[in-house]
Amino acid sequence: MDGQSRRAVLAALGSAGAAAVAGCVGTGQRRVRTLVAGSLQAAASETLQRRTGPELAVEAHGSVHAARLVAEGKRDPDVLALADPALFDRLLSTPWYAVVASNELALAYNPETSGGRIVRDAETWTAPLTRADVSLGRTDPDLDPLGYRTRFALELAGKRQDRPELAAAVLRPDQRYPETQLLAQFETGSIDAAFVYRSMAVERGYPYRSLPPAVNLGDPKHAETYATVQYELPDGTVARGAPIEYAATRRADDGATVAVFETVLAGEWVRQHGFTARDEYPRMEGDVPNGVGG
């Protein structure tokens, strides 16, 4: 079955499951606990909720932090969706998961500030990054894949431009914000530009500069190049450069959770938010239970 046909079948299954449990929602059935990467917050709480019958209880954090909450027993979600499939193996030892979407890095800017306009008009995307009159925002690499992927992009750009000092020259501790609050800093005037996923800029309607495919971590053709960079997390695990992908797993098997997860697998809930659902998705990894993603 090709990717398009598979997604159509999954979408139909998700709709059927949602319809089957819709009559139970609002009559005492618990909400489906859904813990997601910060960049998935709007897609989950808005579009995924609209496409499913069961009511969702959506919580969003940077994916490293979210995975640690689960690993430490502080959260017990029915559905878990993270912005780096490797976290399921490194931090959680999850028996199976499904890769459902991809993304790429971009440099969003605020066209209402002078610094934002400098980013917009610069000859190259890296040119304004070390200027004192341009304030940047990013996320914490110790809590969030977007944070370490920002470092990866700068390190890859430094290699391409023969500027090995580029990442160190750009990155400062005072640039860090939680992923769910990063673009809100545009409204407060705290920053002029931010390293984001393309989907985040699309959702919020902010203009952005695209990064070269060899740098943006969004093109599988450059996987070998991406693999030349890495970042060590505080617990000693190592995040390695790779094409950006999002993965999800189901941790409960009641009817409501199954219905929600089938909709997650179909991929349409992320597409309108600026994510990419490739033809080969969902790609199942690990010891997948019978009937999941079939």
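Setting aside neighbours within four places in sequence, Asp192 is in contact with Ala108, Tyr109, Asn110, Thr113, Gly115, Gly116, Asp133, Val134, Ser135 and Phe186 (contact means heavy atoms within 4.5 Å). The model is a predicted one, where local features need pLDDT of at least 70 and side-chain atom pairs count only at pLDDT 80 or more, while totals for chains, interfaces and linings use all residues. Residues are numbered from 1 along each chain as its sequence is written, and side-chain values use heavy atoms, with hydrogens and water left out.

Asp192 sits in the loop between helix H8 (184–188) and strand E7; helices (H or I, at least four residues) and strands (E, at least two) are DSSP runs numbered from the N terminus. What about its charge? Asp192 is buried but has no salt bridge, and Arg117, the nearest side chain of opposite charge, is 8.5 Å away. Here, buried means under 20% relative accessible area, exposed over 50%, and partly exposed in between, with a 1.4 Å probe and protein chains only. A salt bridge puts a side-chain nitrogen of Lys or Arg within 4 Å of a carboxyl oxygen of Asp or Glu; Lys and Arg count as positive, Asp and Glu as negative, and His and the chain ends are not counted.

On to the sheet: 4 strands make an open one, ordered E6-E7-E5-E8, with mixed pairing. Its edge strands, E6 (136–137) and E8 (208–210), each pair on one side only. Two strands pair if DSSP finds at least two bridges between them. E6 and E7 (residues 193–197) run parallel and are joined by 2 bridges, with Gly137 opposite Ala194 in E7. Helix H6 (residues 145–160) packs on this sheet, touching E5 and E7, and its direction makes about 110° with that of E7. Axes are lines fitted to C-alpha atoms, for helices over the stretch in contact, and angles run from 0 to 180 degrees between N-to-C directions. Helix H5 (residues 114–121) lies across E5 (105–109), E7 and E8, at about 135° to E5.

The largest nonpolar core has 83 residues, of which Leu40, Leu154 and Tyr246 touch the most other members. Such a core is a set of buried Ala, Val, Leu, Ile, Met, Phe, Trp, Tyr and Cys residues joined through side-chain atoms within 4.5 Å. H6 supplies its largest share, 7 residues.

Asp162 is exposed, with a relative accessible area of 67%, whereas Leu217 is buried, at 0%.
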